[in-house]
Amino acid sequence: MSELFYTKKHVSDLLSDEEKKVSDAYCEDYKDFLNHAKDEREAVCTAIALAEAKGFRPYIAGDPIAPGDKLYRSVRGKSLFLAVVGKAPLSMGANIAAAHVDSPRLDLKQIPLYEDNGMAMFKTHYYGGVKKFQWVTIPLALHGVVVKMDGTVVPVAIGEEENDPIFVITDLLPHLGKDQVKKTLGEAFSGENLNLTISSLPSGGEEDKDRFKLTVLNYLKEHYDISEEDFLSAELHAVPAYKAKDVGFDRSMIASYGHDDRSCAYAELRAILDINGPEKTAVCVLADKEEVGSDGVSGMQSSAFETFMEDLCDAQNCKLRHCLEKSFCLSADVCNAFDPNYPEVSEKRNAAEFNKGMGILKFTGHGGKSGSSDASAEIVAKLRGLFAKAGVIWQMAELGKVDQGGGGTVAKYMANRNIDTIDAGVPVLSMHAPYELVAKYDCYMTYKGVKAIYDEK
Ligand code: MN
Ligand code: MN
């Protein structure tokens, strides 16, 4: 075929058998990460453990730094920065990859516990963009922390072990769904109805009040030494109790909760753990709060990022603004893959497809690219060059056809800092659903893509 044509390639046509094995091994590690990182705190903890095993140490402002140093800083245990100091000074810029480690879920309210007609329940307030009907009648696990008045942090994780109980939210039987089925999808399931069923046995004697609540409180006292008041200062999340699993006769895909955005978070993490002696300083950001707008101290809009980068710059007597101006950021977040069941929402020529590699989005946003930082042609060209050299298979992607909807990532918050930024990541099906789907080769290519950027000469 004429070299004048551009055609997307299928990863399996280009990858050697040897590298296919490397990809499979990478995906086994990724599944393990998924199963240990069901919320941002667990993701940060798991990432720190993996990083420390590779020689990373916490960075304290004022400490000297030298090329090759492996450093990290946790932001309140909910987001994480890792860096490998480059041979070139920070005045030459850093190569940054920024993913997020929070995912849509159901958070418990601050006064969650109540009983009603012989059942104890938890009230929830959903976090991020969920389609509410997807969260009823599925196994849910409870993750998070309860922080007691004296500051003691009590970690909670129930529903992951084989013999753990799980929790569910009920739905109406079809026999009595006459009115429900007439409503729109958005109206048929209300946020205030997403109440977790947690207990159905009474405690105490018949004369006692709130006996079903008491059963729960007795359990929590015995196992966690907490009382009802302690919920006031708790962050507990109901997340799907599913494990990551291979999908398909060819085992070419992975279904899991939280591919958005742990598929990219893990790619970045593995890439920074695997590099040695980069030319430019490599920075890996695992941010929190992306699903609710990147606000707050642990979100990408927080100056915690500047603080970390400025501390590194100070160690080299370089100005932060000069470093950022010369830096590059890959906003590593998932994009939507073309869904054969819903072809009407995508424009085929520009939609990402499974197994065609890492997806690059020049722009995101909605309705005429609104709210997008829209990377420059120069940046796209730079990536083309880097990826061609490193054997990274990638594809251009678009978040749905024109005027179909849209979305955003942390990209604009990085670009607004005067950092050249572009979106890239793993194409996902059923994004934000309790069980999302990705293709293994795309996960592996995203790792290779981030690594190629860190390895830039
Ligand atoms: Mn995302
Ligand atoms: Mn998302």
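Predicted model: local features only at pLDDT ≥ 70, side-chain atom pairs only at ≥ 80, totals over all residues.
Looking towards strand E18, you will find Met-396 opposite Ile-360. Gly-359 has a counterpart in E18 as well, namely Gln-395.

## Strand E16 between two partners

These residue pairs belong to two pairings of strand E16. With E20 (residues 420-425), E16 runs antiparallel over three bridges. With E18, E16 (residues 358-361) pairs in the parallel sense, again over three bridges.

How are the two faces of E16 placed, buried or exposed? Met-358 and Ile-360 on one side are buried, and so are Gly-359 and Leu-361 on the other, leaving both faces of the strand covered.

## The whole sheet

Stepping back, E16 is part of an open sheet of nine strands with mixed pairing, and the order reads E1-E2-E3-E13-E4-E14-E20-E16-E18. Why do E1 and E18 each have one side without a neighbour in the sheet? Strand E1 (57-58) and strand E18 (394-396) are at the edges, each with a single partner strand, so one side of each stays without a neighbour in the sheet.

## Helices on the sheet

Helix H3 (residues 40-53) packs on the sheet, where it touches strands E2 (70-75), E3 (79-84) and E13 (281-287). The direction of H3 makes about 20 degrees with that of E3.

Helix H7 (residues 304-315) also packs on the sheet, and its contacts are with E2, E3, E4 (94-100) and E13. Here the direction of H7 makes about 155 degrees with that of E2.

Key. Residues numbered from 1 in each chain as written. Chains lettered and ligands numbered in written order. Heavy atoms only, no water. Pairing = 2+ DSSP bridges. Helix = DSSP H or I, 4+ residues; strand = E, 2+ residues; numbered from the N terminus. Contact = heavy atoms within 4.5 Å. Axes fitted to C-alpha atoms, helices over the stretch in contact; angles between N-to-C directions. Buried < 20%, exposed > 50% of the residue type's maximum accessible area, 1.4 Å probe, protein only.
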